[in-house]
Amino acid sequence: MKRLSKVDLNATLPKDVALARLTAAQERLLRLRLTLGGQIGDHRLGPPLCVVFEGWDASGKGGSIKRLVEHLDPRHVRVTQFAAPTYDEKRHHFLWRFWPVLPGWGGMTVLDRSWYGRVLVERVEGFASDEQWTRAYDEIAEFERTLTAEGMILVKFWLHISSKEQLRRFNSRAADPLRSWKLTEEDWRNRKKRTQYKEAVEDMLERTDHPAAPWHVIAADDKPTARVNVVEQVCHEVERALGLRG
């Protein structure tokens, strides 16, 4: 059975429970972030923290990122969004453009889209040759092993929503003048290729999941529940890296 088919998209938390858990997790993350940054505790810089968000269009990446960093000092965290590479970026190896935004010791970076574009949109849309995207799995895995071997805490999320829920969110955006800018013709084109994208996602999850940086697939049909799971999972990974849990 493929990994996405195992996800229970009907799992939801009662609203009051979700709010309480989110509030607790955000406070927990704030303390961990201050510890990593050397602001509290023994005042030594902790390992860099990089959180990678991938997911279907309209899967709630932006909302999850907002809740993740909501209570963090903006001086201590950087959120970076990646779209299609520029002409100059295409002159380099596809991983080149990501190095400058990676966090150093004591730092934290959140990536809205990432190097996984090579094996997702570039694969499906033909922006990378078969040889390029096929070898990218090993290149990405080695890249991530290099980062984690140097101490980085790398947390990777795929936000998974059903086709039905995605269509509902697309239509909701289209009808809202203040959110319609989020919906593009490209989003509709991608939706028509959902089968091809699903195959690419399954390959990505299988071939780039490794002990140093496993994938966390988040059921995101219910936004509040997804946001809780994201923040709690980041806390868990940081605590594990710091030896605060098994």
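## The sheet

In what order do the 5 strands of the open sheet stand? The order is S2-S3-S1-S4-S5, and the pairing is parallel. Strand S2 (78-81) and strand S5 (215-219) form the edges. Each has a single partner strand, so one side of each lacks a neighbour in the sheet. On average, neighbouring strands are turned by 20° against each other, direction ignored. The model is predicted.

S2 runs parallel to strand S3 (residues 108-112), joined to S3 by 4 bridges. Thr80 stands opposite Leu111 in S3. Helix H2 (residues 61-69) lies across strand S1 (49-55), S2, S3 and strand S4 (153-160). H2 runs at about 160° to S1.

The structure holds 22 salt bridges. One of them pairs the side chains of Asp209 and Arg3, at 3.1 Å from N to O. Asp209 sits in the loop between helix H7 (194-207) and S5, and Arg3 in the segment before helix H1 (15-36). They are 206 residues apart. Asp209 is partly exposed at 31% relative accessibility, and Arg3 is partly exposed at 30%.

Glu125 and Lys193 also meet through their side chains, at 2.8 Å from N to O. Glu125 lies in the loop between helix H3 (121-124) and helix H4 (130-149), Lys193 in the loop between helix H6 (185-192) and H7, so the pair ties together parts 68 residues apart in sequence. Glu125 is partly exposed at 24%, as is Lys193 at 27%.

## A pair within a helix, and a network

Glu139 and Arg135 form a salt bridge, with the closest N and O atoms 2.9 Å apart. Both lie in helix H4, 4 residues apart, about one turn of the helix. Arg135 is partly exposed, at 34% relative accessible area.

A network of salt bridges links Glu54, Asp57 and Arg113.

Definitions and conventions
Residues are numbered from 1 along each chain as its sequence is written. This is a predicted model: local features need pLDDT of at least 70, side-chain atom pairs count only at pLDDT 80 or more; totals for chains, interfaces and linings use all residues. Side-chain values use heavy atoms; hydrogens and water are left out. Two strands pair if DSSP finds at least two bridges between them. Helices (H or I, at least four residues) and strands (E, at least two) are DSSP runs, numbered from the N terminus. Axes are lines fitted to C-alpha atoms, for helices over the stretch in contact, and angles run from 0 to 180 degrees between N-to-C directions. Contact means heavy atoms within 4.5 Å. A salt bridge is a side-chain nitrogen of Lys or Arg within 4 Å of a carboxyl oxygen of Asp or Glu. Buried means under 20% relative accessible area, exposed over 50%, partly exposed in between (1.4 Å probe, protein chains only).
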